[in-house]
Amino acid sequence: MKIQMKTFMKVGSLLLMMLALQSCTKYLNVVPDNTMTLEDLFDTREMAYEALARVYSYIPRDDNTHTTTWSLGDEFVGRLDLNNVVGNLRAIRIMRGLQSATSPQLGAWSGTEGTKSLYEGIRQCDVFLQNISLVRDMAEAEKAEWAAQVKFLKGYYAFLLVQRYGPIVLIKEMVTPEATRDQLFLPRSKVEECFAYILALMDEAIPALTERATESNLGQVDQVAAKAIKARVLFFRASPIFNGNREYFGDFMDKDGQPFFPLDYDNEKWKQALDAINEAIALCEQNGLGIYHFEREPFIYDRPAFEENGENMRTLYDLRMLICDPWNKELVWGYSNHDYYNQGELAHSTNIRLPAGYGDGVINTAAFSWQWMAATYQMAERYYTKNGLPINEDLTFNVNTMHELTRTPGLLDPEYRELNGIMQPGAETINLYLNREPRFYANLGITGGYWRAHTVRINTIMYAGADGGYNSSTHATDFLSTGIGIQKLVHPESQSNAWQRVIRYPYPLIRMSDLYLMKAEAINEYSGPTQEVYDLVNRVRDRAGIPRVEEVWSDPSLARTVNKHLTKEGMRDIILEERSVEFAFEGQHFWDMWRHKRAVAKFSSPVWGWTHTGTTGETFFVLEVKQARRFTITDYLWPIDLNELNTNGNLIQNPGW
């Protein structure tokens, strides 16, 4: 967040003292005789700003390659030599079945293995809320607004805990040094009570928030962001994982024999979610938010393609710049607490290096262009055909020949016009890479396509020794192990070698497309498919340059399962498929499958890729297993660290751990 950049450059005794407040055991020794008191830490506005920034610092680092939750699921696979390095790629370790109660990966409960404790974050919220009134040089209105931000974040951190652990311990009042054992060691609360607590905090906070943060405060919580996140909380609450889930958690009981999860399905929860989504969308649109379109001039290297293939290129640019165009109109709330001077973001690990012969950039430099966080083969199949259908649902797409080698039309062939700027002319590729939707070409890096980065357009051929491919002489351990890249998260002007060369942008926490598709799902779940449901999905599809839902799914010459969109179950699948493509590599697909109890079926298969050492089409386009994956029902709820259970006898471990 912009609010935090100033703070992280002021490290000293103040920070050390506040860090001591992060656990109940350390708190008892915070204030020795003749030193600064807790009240002194909130003496001035500048000090309060430091404390506010610390509260924000607990937002998870989903921008960071090794600590992100975005690589949960089956979309990413890292450099293969990192498979067994304990400190790397934490989320992928979870997907490989390497989670444990003795050393929980991304353990947000206690702050283990790559993440901060969200309970410490909640503690910082309580410290702030108790002391903000002491600040001497602040107006009361500003104190109230900062307090509202913190109160919202307290609810948000509690939601992230519920998302990972189910029932949590609710911290309803700040623990003091005089706290009794009963006040310190609390049991877990029922899931419904947890949601009620979270929503109450958010409802208390929202009225006092600024409606929309100013440019100098981008990233701070405002009413627009808060209402959108509140809608997401209710959306999760209504989803099958939390709504009448006897199948998984019917026997997960507290010490009194009462179930932690609500066991009876309540359809009205979808209506409550829908009401909140409507309120969030209305406020967002009142503040100028909506579907993003690229409105500037194209890069010089693409201007000839725009002249020949303008409509398709405009769609490509809409999709290519959607995430990395900073603070654009689709971003409702974004995470921008970047470590500007260092590398490690997904934008760095997914970017390929600049090959020889392109421009004046730094060639084959690993800094800020790691070239080893790849897309799985599953993602190459998941994107739609040009008709807006999954490849196994499109009657015009031959899945039996999709791995066969072919060539794109030549530059002067009339058939090349609609591919100009999308695929290279006369390039060797495979049928799977042709006749696909625009998001496929905007998001992925493929053989025969283009990669826009380093201020140039790179002709990618992912064969070993070619541009974008494995090259043992220059980067023997850094390579895209599947032969499929991810350019969605890379700004086209980002370069290598120094932090000044990298274009930073806020990583989306929630954007307008999410709200529109959430609304479509909520209506469908509450009352079935309607024209409004189709229209909401079509807002996203229209920008993606694919046919409208009701048109393509009702066409017997195209759709294998004709009229699938007419049933609630069929439309549910269509919405989830749309989300999986629209939010590819943004950390949404895993939680969507998780919400609908599909994660075990979806994520228990190995991830595949091409043979990256192949130097020709015949030797490269051979599928092989890149990594085994194992996801079970036990993995739905993350384990609480055994140290916590040993300390607090009132805690009950999650099932299976």
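User: What radius of gyration does the chain have, against that of a compact globule with 657 residues?
Analyst: This is a predicted model. For 657 residues, the globule rule gives a radius of gyration near 26 Å. The chain agrees with that value, because its own radius of gyration is 25 Å.

User: What box do the C-alpha atoms of the chain fill along the principal axes?
Analyst: The box is taken along the principal axes and holds the C-alpha atoms of the chain. Its dimensions are roughly 80 × 55 × 45 Å.

User: What percentage of the residues in the chain is buried?
Analyst: Buried here stands for under 20% relative accessible area. Of the 657 residues in the chain, the buried ones make up 61%.

User: Is helix H19 largely enclosed or largely open?
Analyst: Helix H19 covers residues 512-527. Of its 16 residues, 14 are buried.

User: How far apart are the end C-alpha atoms of H19?
Analyst: H19 has 16 residues, and at 1.5 Å a residue it should span 22 Å. The model agrees with this, because the distance between the end C-alpha atoms is 23 Å.

User: Which residue just after H19 takes a positive phi?
Analyst: The phi in question is about 95°. The residue that takes it, just after H19, is glycine 528.

User: How far apart do the centres of the positive and negative side chains lie?
Analyst: The chain has 66 positive side chains and 83 negative ones. The centres of these two sets are separated by 2 Å.

Note on methods
Residues are numbered from 1 along each chain as its sequence is written. This is a predicted model: local features need pLDDT of at least 70, side-chain atom pairs count only at pLDDT 80 or more; totals for chains, interfaces and linings use all residues. Side-chain values use heavy atoms; hydrogens and water are left out. The radius of gyration is taken over C-alpha atoms; the globule rule is 2.2 Å times the number of residues to the power 0.38. Buried means under 20% relative accessible area, exposed over 50%, partly exposed in between (1.4 Å probe, protein chains only). Lys and Arg count as positive and Asp and Glu as negative; His and the chain ends are not counted. The place of a charge is taken as NZ of Lys, CZ of Arg, CG of Asp or CD of Glu. Helices (H or I, at least four residues) and strands (E, at least two) are DSSP runs, numbered from the N terminus. The expected span of a helix is 1.5 Å times one less than its number of residues.
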